[in-house]
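Good morning, and thank you for joining.

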Amino acid sequence: MEKLKSNIDRVVSVMLIVIMGVMVFNVTWQVLSRYVFQSPSSYTDELSRYLLVWLGMLGAAYVAGKNEHLAIDIYPQKLHGVAKQRLMVFIHLVIVAFVVPVMILGGGNLVYITYTLQQKSATLGLPLAYVYVIIPISGLLVLFYQIVEIRKILIHPITQNS
């Protein structure tokens, strides 16, 4: 399971690097075309918005997988042993309880509706389902990462001192 997680982490990190690189190039071109060439590019604004959506959603899933997401950890730091283990499992289950209905089911429904209605972006003419597909994908990644963490907690119990 750890090998699979490591491989997924590597793929997601490469995707994030590529998205960020394309975004930097796109925004640089937008600035150059607008201020240097006095002929603003029509697609760069829309593309940068969609890239930012992908970067944010995929980045949030990646950070959740690394357990480096923003969290208030005052209470878990005060607990030890079985109590801490139960709390950590509960926290991961709460995340799963959010991810499944909101990101996976809700995001999947959003993709389905925009695909069925054949909604396209204004400038690029890109089907919006392609933009929104990152929501259920990120949800599946977060779900996978939470399952890995719960499994890790249950297989390697937290000791009394940790």
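Let me begin with a term. A nonpolar core here is a set of buried Ala, Val, Leu, Ile, Met, Phe, Trp, Tyr and Cys residues joined through side-chain atoms within 4.5 Å. Please keep in mind throughout that this is a predicted model.

With that term in place, which residues touch the most other members of the largest nonpolar core? They are Val12, Leu58, Val99 and Leu141, in a core of 21 residues. Helices H1, H2, H4 and H6 each supply at least two residues of this core, and H6, which covers residues 134-155, gives the largest share, with eight residues.

Leu141 deserves a moment of its own. Setting aside neighbours within four places in sequence, Leu141 is in contact with Ile8, Val12, Leu58 and Ala61.

Let me now step back to the overall architecture. The protein has six helices and zero strands, so that, by the DSSP runs used to assign elements, the order from the N terminus reads α-α-α-α-α-α. The C-alpha trace spans about 65 × 35 × 30 Å along its principal axes. Of the contacts between residues at least 6 apart in sequence, 76% join residues at least 24 apart. Buried residues account for 35% of the 162 residues.

Beyond its neighbours within four places in sequence, His92 is in contact with Asn67, Gln146, Glu149, Ile150 and Ile153.

Finally, the surface. The protein exposes about 10,300 Å², and carbon and sulfur atoms supply 69% of that area. A nonpolar patch on the surface is formed by Phe25, Val27, Trp29, Val31, Leu32, Tyr35, Val36, Phe37, Tyr43 and Leu124, with about 970 Å² of accessible area together. One of these residues, Phe37, is placed in the loop between helix H1 (2-36) and helix H2 (44-65). Phe37 counts as exposed because its relative accessibility is 51%, and the cut-off for exposed is over 50%.

Key: Residues are numbered from 1 along each chain as its sequence is written. This is a predicted model: local features need pLDDT of at least 70, side-chain atom pairs count only at pLDDT 80 or more; totals for chains, interfaces and linings use all residues. Side-chain values use heavy atoms; hydrogens and water are left out. Contact means heavy atoms within 4.5 Å. Patches are made of residues with over 30% relative accessible area and no salt bridge: like charges are joined within 9 Å, nonpolar side chains (Val, Leu, Ile, Met, Phe, Trp, Tyr) within 5 Å. Accessible areas come from the Shrake-Rupley method with a 1.4 Å probe; for residues, only the protein chains shown count as cover. A salt bridge is a side-chain nitrogen of Lys or Arg within 4 Å of a carboxyl oxygen of Asp or Glu. Helices (H or I, at least four residues) and strands (E, at least two) are DSSP runs, numbered from the N terminus. Buried means under 20% relative accessible area, exposed over 50%, partly exposed in between (1.4 Å probe, protein chains only).
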